[in-house]
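Please look at the sequence and the model first.

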Amino acid sequence: MRASRDFLLTLLTAATVLLAIASWSRITVGISHAMAAIVLTGAVVVVAGWGLRLTRTPRWVIPLVQLALAWSVVSIRLTRAPVPLRHVPRLRLEDAFLAAGDTVAHSAPPVPVVQGVLPFVLCGAALAFVVADLLAHTLRLPAVAGLVLLTVLAVPISVVSSEVGITGAARSGVSPWLFALVVAGWLTQVVVTEGDRLERWGRHLDDEPPGPQVSTRSLTGTVAVGGTATVLALVVPLAVPTMHVRLDGFGGGAGSGHVTVTNPMVDVRRNLVQGQDVPLVQVRTDDPDPGYLRIAVLTRFTATQWSAGDRSIPKTQDSHGAVPIAGLSPQTPVTTHRYSISVNPDFDSRWLPTPAPIDAIEAAGDWRYDTNTDDFVAVGKGLTTAGLDYTAVKSEPDLTAAELDDASSALGQVSATYTDQPADLPSIVSQLAQKVTRDADATTPLEQAVALQSWFRDSGEFTYSTATDLGSGATDLARFLGTGPDSKTGYCQQFAAAMAAMARTLGIPSRVAVGFLSPTRESDGSYVYSSHDMHAWPELYFAGAGWVRFEPTPASGTVVPSYAHAPSAVTPEPSTAPSASASAQPRTAQTAKPRANAQQNAGEKSSPIPLTDHHTWRWVALGALIAVLAALVALPGAVRRRRRRTRLRSGSAEEAWSEMRDTAIDLGIPWADGVSPRATRQLLDRYLGTHDGYVALDRLVEAVERERYAATSDPFDRQVLTDVLHGLEQGEPARAVRRAAWWPRSVLRGRRDTGSADRTMDRVG
């Protein structure tokens with residue numbers, strides 16, 4: 001059947017596009033998390049295009065409907081709403097695209113999908129499906145549809161080529177075997193769809209035209225031409241050394257150990273988990289425990305990621321001279337250490353590694369710092385850390401738990417940006433924060449921070465592992481904190497982001513810092529930080545002390561700061577006992593508001609913490625797909641019933657004759673156009689199941705002849721047509737009548753399947 005053939009060809013086109021999209025795995029990380037939405041998009045485009053073409057929908061309408069349905073799938077994946085009309089979904093959609101743009105602008109491939117370019121991947125895939133279907137089937141130009149496949153494959157090829165030019169690292173853009181499969185799918189589609197045209201290749205114009213089937217000659221010729229082109233495309237690059245193509249499909253050369261940092265949170269995973277451990281930064285210092293070296297500070301928390309946010313870095317805030325420490329009181333005692341820093345020539349970073357808190361710096365080039373974050377960003381064009389030598393002064397506050405507990409009551413001296421949360425932050429984040437602090441009887445911000453840190457490191461049963469695809473956005477944090485298969489397993493990125501997010505729900509200003517931890521001490525007394533030393537940690541704000549580091553990651557090499565231990569661990573210290581006693585009364589008054597929150601939450605103790613809802617969009621998408629499929633299945637029958645009602649109301653014998661024709665085709669009764677009404681009547685006699693049908697058919701034939709050939713004719717009686725149709729239906733099995741109602745052939749195939757009926761009518765005539 002032609003309809004089945006068209007559907008299979010449409011499905012082949014979508015499958016070939018899907019294979020081409022799979023090549024994007026070479027420039028992305030975690031594209032498997034987007035494949036369900038991509039496959040669903042392709043299925044919606046296939047079914048919608050096929051169904052609309054069967055119902056003879058105008059060509060210009062088909063791609064518009066497909067784009068609308070594909071966008072609904074994308075919107076469901078990003079916002080859980082088919083059409084983001086409400087305020088919250090619109091914000092979520094905006095955040096997703098802003099984060100994707102930031103990832104593209106500041107990241108080198110491979111870029112993350114879930115925490116980065118997911119909107120671009122989904123939209124690109126949807127556009128590829130729609131355009132390929134439009135060219136191959138709606139416009140019937142399958143050969144031209146190959147341009148879409150070429151464009152999709154060109155994305156990883158062009159990106160990897162440009163990356164090779166920048167970094168000198170050699171990587172393969174597209175697997176040769178994947179490329180061969182895409183070409184094979186395209187050739188099959190061209191051969192099956194354009195068989196009659198292929199048969200004319202090499203023939204003289206006066207030769208007898210080919211038949212409807214594709215001959216062995218045309219098939220062999222097409223495969224020979226396409227196969228030769230494919231083999232050349234795979235083999236020729238092997239002779240060009242600069243292309244670094246390997247047939248094992250795993251990329252080219254071993255690489256040069258080059259490390260690039262453009263988006264710090266994204267690069268933590270790439271440099272921590274992937275590749276060899278490369279020395280990046282060498283430090284000489286009088287600090288007996290250099291520990292942490294900060295690269296960047298992330299302040300913007302959205303549904304998709306933690307990012308640097310907007311920065312204010314005027315020219316006066318350069319890398320020459322003193323640097324004010326954000327939030328640190330002049331009365332707070334500090335310990336000063338000097339650092340001499342040398343960066344490996346293979347370490348390209350637009351962010352300058354510095355000790356924190358930094359008091360002064362001297363670095364060549366146009367580096368600017370933000371007074372609110374104290375991290376340094378390259379402003380000069382082409383400026384990176386590669387091969388840079390500079391000096392810095394670290395002024396570390398001498399903090400105690402008691403002093404921080406006193407200072408925690410003075411919150412409000414920092415921007416509200418540091419307590420912002422995504423509008424759609426899953427409730428599990430705030431509810432867990434409240435439960436953990438309530439169980440620890442923590443009321444002050446310091447006590448709450450320590451309770452969260454202890455929960456991650458000890459009582460929460462978390463496991464440190466880099467074998468996870470989770471990111472730092474709100475959705476992934478809900479999965480990390482939940483009870484599903486991806487829960488409670490992650491590395492520093494998840495621990496730091498989760499603690500900072502939970503702190504914000506408690507009203508504690510927080511941010512995430514990215515840098516290095518635990519350098520290796522060399523024999524000459526210097527310290528070396530390598531790519532596997534990259535780390536992320538949360539920083540919380542305390543008035544007078546500024547931004548204070550915490551360490552929730554339960555990995556070897558991470559040490560909890562002395563001020564961040566549980567109160568029982570610090571009360572024996574002689575230096576803290578007087579302060580704790582003196583501050584006991586003020587603390588009770590100053591923490592009245594947190595205690596009120598705790599009492600309010602106590603009433604909610606019985607409400608269970610909900611499971612993460614990261615699968616919600618899949619159920620919504622499945623429901624949307626089922627609704628689309630049901631609508632497409634019901635569409636031909638609805639069109640057919642509407643036609644019948646219109647014809648019955650017309651009062652025209654010709655319209656009645658057309659309705660009888662369509663009914664006969666729907667029931668599987670042979671029909672032929674271009675013969676006389678009387679010849680048609682002779683054929684239909686044997687198919688009428690009622691006497692009234694015979695009489696009504698005679699009257700219908702007479703009315704049609706009168707309307708066609710007489711000068712005037714009387715209005716046609718609609719009851720005549722009703723009797724004819726009833727007679728035809730009574731003469732056929734019940735299953736044929738049901739099939740005609742739900743799957744009418746006259747709508748699906750129109751006038752194209754009447755060849756056998758033509759031959760039957762010729763014999764009758």
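The dialogue below goes from a helix pair to a sheet.

Q: What kind of model is this?
A: This is a predicted model, in which local features need pLDDT of at least 70 and side-chain atom pairs count only at pLDDT 80 or more, while totals for chains, interfaces and linings use all residues. Residues are numbered from 1 along each chain as its sequence is written, and side-chain values use heavy atoms, without hydrogens and water.

Q: How are two packed helices described?
A: By the angle between their axes and the distance between the axes. Here, the axes of helix H13 (residues 445-459) and helix H15 (residues 492-505) come within 10 Å and cross at roughly 150°. Axes are lines fitted to C-alpha atoms, for helices over the stretch in contact, and angles run from 0 to 180 degrees between N-to-C directions. Helices (H or I, at least four residues) and strands (E, at least two) are DSSP runs, numbered from the N terminus.

Q: Which residues in H13 and H15 meet?
A: Contact means heavy atoms within 4.5 Å. From H13 come Ala449, Leu452, Gln453, Trp455 and Phe456; they meet Phe495, Ala498, Met499, Met502 and Ala503 in H15.

Q: What is the order of the strands in the open sheet?
A: Two strands pair if DSSP finds at least two bridges between them. Four strands follow the order E5-E18-E21-E22, and their pairing is antiparallel. Strand E5 (293-298) and strand E22 (546-549) are the edges, each pairing on one side only. E21 (residues 534-542) is joined to E22 by four bridges. Phe542 stands opposite Gly546 in E22.

Q: Where does H15 touch the sheet?
A: H15 packs against strand E18 (510-516) and E21, and its direction makes about 15° with that of E21.
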